[in-house]
Amino acid sequence: MGMISSSIARKVAMALSGLFLVFFLGQHFTINLTSVVAPDTFNSWSHFMGTNGLVQGVLQPILIFGVVFHFVMGFILEIKNRNARAVKYASYKGGANASWASRNMIISGLVILAFLGLHFYDFWIPEMIHKYVESHPEDPTRYYAETVHKFESPVRVGLYVISFVLLAIHLWHGFASSFQSVGFNNKYSTALTKFAKVYAIAIPLGFIFIAVYLHLNQIPH
């Protein structure tokens, strides 16, 4: 009974951390979309997010913890599931039992984790160096030009596109199943599942559009 309870607790914790990251993903997409439709707004929002004490001192550490917790918990659950699986892979029916997305969450998760490493390398680390190491004066108009420049390389854009495709696959199963893991089964379940599927495609596709658009609309040096 204790093992069952701990297993359920891990799944609920995994689901809640995933839902938290899905919310952040939507917020991040909203800000990034303004780089396409309203560069001045993008500069303004990015400057606020990058200089606000609450965002930097409280929300950002919580977000980083959420990312680390979600992926560590994912690996733990994968190991636990493999060890507890009564039917070995020799007789496993693959797609007959589960979708490709659900069977390969750990693979898509690893690719997304690698993508987050690239994203930190491209944006977060340079931002920390700019503000706290090199101590540049505040410039609320620099964010758009810097972001566009990051997407100058077609190789980097290709890596982002591949990562967002894998993100869509990860969300396709993970977002919808999160509601079930937290016990949200009522008359709204079908509508929530449909919303999760639409979200899983629309948000990564939107990020791909932003990356390609910024690549094709480079600012002359």
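Helices are taken as DSSP runs of H or I with at least four residues, numbered from the N terminus. The model described here is predicted.

Salt bridges come next. The whole structure contains 3 of them. One joins D122 to R156, with the closest N and O atoms 2.7 Å apart. D122 belongs to helix α5 and R156 to helix α7 (residues 154-181), so this bridge ties together parts that are 34 residues apart in sequence. The two partners differ in their surroundings. D122 has a relative accessible area of 2% and is buried, because buried means under 20%. R156 reaches 23% relative accessibility and counts as partly exposed.

A further salt bridge is formed by the side chains of E127 and R142, at 2.8 Å from N to O. This pair also links distant parts of the chain. E127 is in helix α5, while R142 is in the loop between α5 and α6, 15 residues apart. Both ends are buried: E127 has a relative accessible area of 15%, and R142 has one of 9%.

E146 forms a salt bridge with R142, and their closest N and O atoms are 2.9 Å apart. E146 is partly exposed, with a relative accessible area of 33%. Through shared partners, the salt bridges join E127, R142 and E146 into one network.

R142 also meets an aromatic ring. Its charged end sits over the ring of Y143, 4.3 Å from the ring centre. With neighbours within four places in sequence set aside, E127 is in contact with R142 and Y143.

Y143 leads on to helix α6, which covers residues 143-150. The buried residues of this helix are Y143, Y144, T147 and V148. Viewed down the axis of α6, these buried residues fall within an arc of 125°, so they line one face of the helix.

K150 is also found in helix α6. This lysine is partly exposed, with a relative accessible area of 25%. Leaving out residues up to four places away in sequence, K150 touches D122, F123, P126 and R156. Two of these contacts, D122 and R156, are the partners of the salt bridge at 2.7 Å. K150 can also be placed relative to Q218. The two are 68 residues apart along the chain, and their C-alpha atoms are separated by 9.7 Å.

Aromatic rings form another set of pairings. A pair of aromatic rings is described by the distance of the centres and the angle of the planes. The count for this model comes to 11 aromatic pairs. One of them is formed by F120 and W124. Their ring centres are 5.3 Å apart, with 40° between the planes, and the pair is tilted. F120 and W124 both lie in helix α5 (residues 105-133). They are 4 residues apart, about one turn of the helix. Both residues are partly exposed: F120 has a relative accessible area of 31%, and W124 has one of 32%.

F209 counts as partly exposed at 45% relative accessibility. Y213 is partly exposed as well, with a relative accessible area of 28%.

Ring pairs also build a cluster. They link F29, F123, F151, Y160, F164 and F207. F123, a member of this cluster, is among the residues that K150 touches.

Key:
Residues are numbered from 1 along each chain as its sequence is written. This is a predicted model: local features need pLDDT of at least 70, side-chain atom pairs count only at pLDDT 80 or more; totals for chains, interfaces and linings use all residues. Side-chain values use heavy atoms; hydrogens and water are left out. Buried means under 20% relative accessible area, exposed over 50%, partly exposed in between (1.4 Å probe, protein chains only). Helices (H or I, at least four residues) and strands (E, at least two) are DSSP runs, numbered from the N terminus. The arc is that of the directions from the helix axis to the C-beta atoms. Rings of Phe, Tyr and Trp (its six-membered ring) pair if their centres lie within 6.5 Å; planes under 30 degrees apart count as stacked, over 60 as edge-to-face and the rest as tilted. A charge sits over a ring if NZ of Lys or CZ of Arg is within 6 Å of the ring centre and within 35 degrees of the ring normal. Contact means heavy atoms within 4.5 Å. A salt bridge is a side-chain nitrogen of Lys or Arg within 4 Å of a carboxyl oxygen of Asp or Glu.
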